[in-house]
Amino acid sequence: MSAAAPIRHRNLPLLLLHAREAVLSRFRPILNAHGLTEQQWRIVRALIDTGPREPREIVTLCGISSPSLAGILARMEDLGLVRKAPVDGDQRRVTVLLTTKSRRLAETMAPQIEAVYAGIEAALGKDFTDDTYQALDAMIARLGEASGTPE
C-alpha cells in the first residue's frame, strides 16, 4: 500500500463551497417564501442585471448546464416568469425575456434581498466585503484567462 502524495495547499474548492453555502443560506428563506429555486433566482437576477439574453448566454452567466437550463426555462415559462421571443433575422434562435410578473416579484423581494446584503456587510465589514468582491472578480478573470475561457 502506497501513501498518498501530500497535498500542501488548502482545499480551495471546498472552502469556496462552504463560503457559497454560508452566503446562500441567508437568501434561501426569501427564495422559498416566494416559490423560487436558486437557479430560477439566478436567471431572474441575471436578466434584471443584463437584459434579455439567449439561452447559451444564460448558461455562461448563471453557471447552469445547457440541459438543465432547458428544463428550468420551461418551468419558468409555465410559471409566467419568462417568455421567449425569436431573434430578429434568425427564427432558429430565441431570446429569453422577463415578464411583468417576474419583475414585480423581484421588486417585492428587493427590500428583503437588500437587507440580507446589508446584514452580510455588517457582519463582515464594508472593506472586507468590497475586498471580497474585488478578489472574486480578479480570480474569475485571471483563471478564465489562464484556461482560455471568457469570464
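## Exercises on a predicted model

In this predicted model, Leu 12, Leu 15, Leu 16, Leu 136, Met 139, Ile 140 and Leu 143 make a nonpolar surface patch of about 580 Å². Let's start there.

**Exercise 1.** Work out which elements give two or more residues to the nonpolar patch, and how exposed Leu 136 is.

*Solution.* 
- Step 1: Sort the patch by element. Helix 1 (12-33) and helix 6 (126-147) are the ones that give two or more residues.
- Step 2: Look for the largest share. Helix 6 supplies it, with four residues.
- Step 3: Zoom in on Leu 136, which sits in helix 6. Its relative accessibility is 38%. Since buried means under 20% and exposed means over 50%, Leu 136 counts as partly exposed.

**Exercise 2.** Take the largest nonpolar core and find which residues have the most contacts inside it, then which element gives the most to it.

*Solution.* 
- Step 1: Get the size of the core: 26 residues. Trp 41, Ile 43, Met 76 and Met 109 have the most contacts inside it.
- Step 2: Two or more residues come from each of helix 1, helix 2, helix 3, helix 4 (66-78), strand 2 (90-98) and helix 5 (100-124).
- Step 3: Pick the top contributor, which is helix 5 with six residues.
- Step 4: Skip the neighbours within four places in sequence, and Met 109 is in contact with Ile 30, Leu 31, His 34, Leu 36 and Trp 41.

**Exercise 3.** Describe the surroundings of Glu 54: where it sits, whether it is buried or exposed, and what it touches.

*Solution.* 
- Step 1: Find it in the loop between helix 2 (38-50) and helix 3 (55-62).
- Step 2: Read the relative accessible area of Glu 54, 11%. With under 20% as the limit, Glu 54 is therefore buried.
- Step 3: List the contacts, leaving aside neighbours within four places in sequence: Val 87, Arg 93, Val 94 and Thr 95.

Terms used
Residues numbered from 1 in each chain as written. Predicted model: local features only at pLDDT ≥ 70, side-chain atom pairs only at ≥ 80, totals over all residues. Heavy atoms only, no water. Buried < 20%, exposed > 50% of the residue type's maximum accessible area, 1.4 Å probe, protein only. Contact = heavy atoms within 4.5 Å. Patch = residues over 30% accessible without salt bridge, like charges linked within 9 Å, V, L, I, M, F, W, Y side chains within 5 Å. Areas by Shrake-Rupley, 256 points an atom, 1.4 Å probe, with all protein chains shown as cover. Salt bridge = Lys/Arg side-chain N within 4 Å of Asp/Glu carboxyl O. Core = buried A, V, L, I, M, F, W, Y, C linked by side-chain atoms within 4.5 Å.
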